[in-house]
Amino acid sequence: MLSRAANTFLRAAPKAGQVSKSISTPMTTRFYSLQEHASAKSAWENSCYYEMDFTISDDSSVYEAVQKFAAYDVGCLVTMDATGHISGVISERDYISKIALLGRKSKDTLVKEISTKSSNLMTASPADSVDECMNKMLSKDIRHLPLLDEHGKVIGMLSVKDLVKTLVSEKDQTIKVLSDFALGKGGHFGGE
């Protein structure tokens, strides 16, 4: 069980780039650390999607998409139109619900026939926090978010697994800092 001071320390944290401060309100004081919190970009840089081609032409067959899912051990790909712009995403769920269950043939069906179109697509930007990405996924009951730069160009893909790993790592670091602080090892910067 954490002390009251530790609980107030954990209760709120700044967004990426904010500096340390404390806010006093009746009966509570919230303490913030100098530590920056993980962004969508940092989660993606540690993702299995980071160094792979996570895109597929929307004119490709669904069979080609399934081959790519299996080859890279991923569950979602960004679909691209003939001009190289994002047209949507295709996921394992799309394959199961729109091909397998309906008895269609994946070799005879184009990706664009079953993909989620970009007009209905939830996306993330590199500056989004991991919490913001998690909330986007939960609000739409999805497991993947394409990562778009400020010009709308696809630069990455995030999975819920990437976000969970990042959050667990962040929580582990917070526990280490608080433990070091409790043991007198200079809690704010991690002790040695």
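Okay, let's get going. What you're looking at is a prediction, so keep that in mind throughout. The protein has 7 helices and 8 strands. Of its 192 residues, 38% are buried. And if you take the contacts with a sequence separation of 6 or more, 47% of them join residues 24 or more positions apart.

Let's start with the core. As a general point, nonpolar side chains in soluble globular proteins tend to be buried together. Here, the largest nonpolar core has 36 residues. Which of them have the most contacts inside that core? They are Tyr49, Leu77, Val78, Ile90, Leu158 and Leu163.

Take Ile90 from that list. Leaving out residues up to four places away in sequence, Ile90 touches Ile56, Val62, Ala65, Phe69, Gly75, Cys76, Leu77, Thr79, Val111, Ile114 and Ser115. I'd like to follow two of those partners, Thr79 and Ile114.

Thr79 first. You'll find Thr79 in strand S4, residues 76-80. Buried or exposed? Thr79 is buried, because its relative accessibility is 0%, and the cut-off for buried is under 20%. Beyond its neighbours within four places in sequence, Thr79 contacts Ile56, Asp58, Val111 and Ser115, and also His85, Ile86, Ser87, Gly88, Val89 and Ile90. 

Now Ile114. That residue belongs to helix H5, residues 111-114. Ile114 is buried too, at a relative accessible area of 1%. Apart from residues up to four places away, Ile114 touches Val62, Ile90, Asp94, Tyr95, Lys98, Ile99, Arg104 and Thr109.

Right, on to the helices, and H7 in particular. H7 runs over residues 160-182. Why do I say its length agrees with expectation? Because 23 residues at 1.5 Å a residue should span 33 Å, and the C-alpha atoms at its ends are 33 Å apart. The buried residues in H7 are Asp162, Leu163, Thr166, Leu167, Glu170, Thr174, Val177, Leu178 and Asp180. If you step through that set, Leu163, Thr166 and Glu170 are all in it. In general, an α-helix has 3.6 residues a turn, so residues three or four places apart point the same way. Just after H7 you reach Gly184, with a positive phi of about 75°.

How does H7 meet H6? The axis of H6, residues 130-140, comes within 10 Å of the H7 axis, and the two cross at roughly 140°. The crossing is left-handed. On the H6 side, the contact uses Val130, Asp131, Cys133, Met134 and Met137. On the H7 side you have Val160, Leu163, Val164, Thr166 and Leu167. By type, that contact has 8 nonpolar residues, 1 polar and 1 charged.

Ala43 ties in with this part of the model. Ala43 is in helix H2, residues 40-45, and counts as buried at 1% relative accessibility. Skipping residues up to four places away, Ala43 touches Val130, Leu158, Asp162, Leu163 and Thr166. Val130, Leu163 and Thr166 are also in the H6–H7 contact, and Leu158 and Leu163 were on the core list. Ala43 is also 9.3 Å from Ser159, C-alpha to C-alpha, although the two are 116 residues apart in sequence.

Asp73 sits in the loop between helix H3, 62-72, and S4. Asp73 isn't a glycine, yet has a positive phi of about 55°. With a relative accessible area of 68%, Asp73 is exposed.

Asp141 is in the loop between H6 and strand S7, 144-148. Here again we have a non-glycine with a positive phi, about 55°. Asp141 counts as exposed at 55% relative accessibility, where the cut-off is over 50%.

And then Asp149, in the loop between S7 and strand S8, 154-159. What does Asp149 contact, leaving aside neighbours within four places in sequence? Pro126 and Ile155. The C-alpha atoms of Asp149 and Pro126 are separated by 6.7 Å, with the residues 23 apart along the chain.

That's what I have; happy to go back to any of it.

Terms used: Residues are numbered from 1 along each chain as its sequence is written. This is a predicted model: local features need pLDDT of at least 70, side-chain atom pairs count only at pLDDT 80 or more; totals for chains, interfaces and linings use all residues. Side-chain values use heavy atoms; hydrogens and water are left out. A nonpolar core is a set of buried Ala, Val, Leu, Ile, Met, Phe, Trp, Tyr and Cys residues joined through side-chain atoms within 4.5 Å. Buried means under 20% relative accessible area, exposed over 50%, partly exposed in between (1.4 Å probe, protein chains only). Contact means heavy atoms within 4.5 Å. Axes are lines fitted to C-alpha atoms, for helices over the stretch in contact, and angles run from 0 to 180 degrees between N-to-C directions. Helices (H or I, at least four residues) and strands (E, at least two) are DSSP runs, numbered from the N terminus. A crossing is left-handed if the near helix is turned anticlockwise from the far one by less than a right angle, and right-handed if clockwise. Ala, Val, Leu, Ile, Met, Phe, Trp, Tyr, Cys and Pro count as nonpolar, Asp, Glu, Lys and Arg as charged, and the others, Gly among them, as polar. The expected span of a helix is 1.5 Å times one less than its number of residues.
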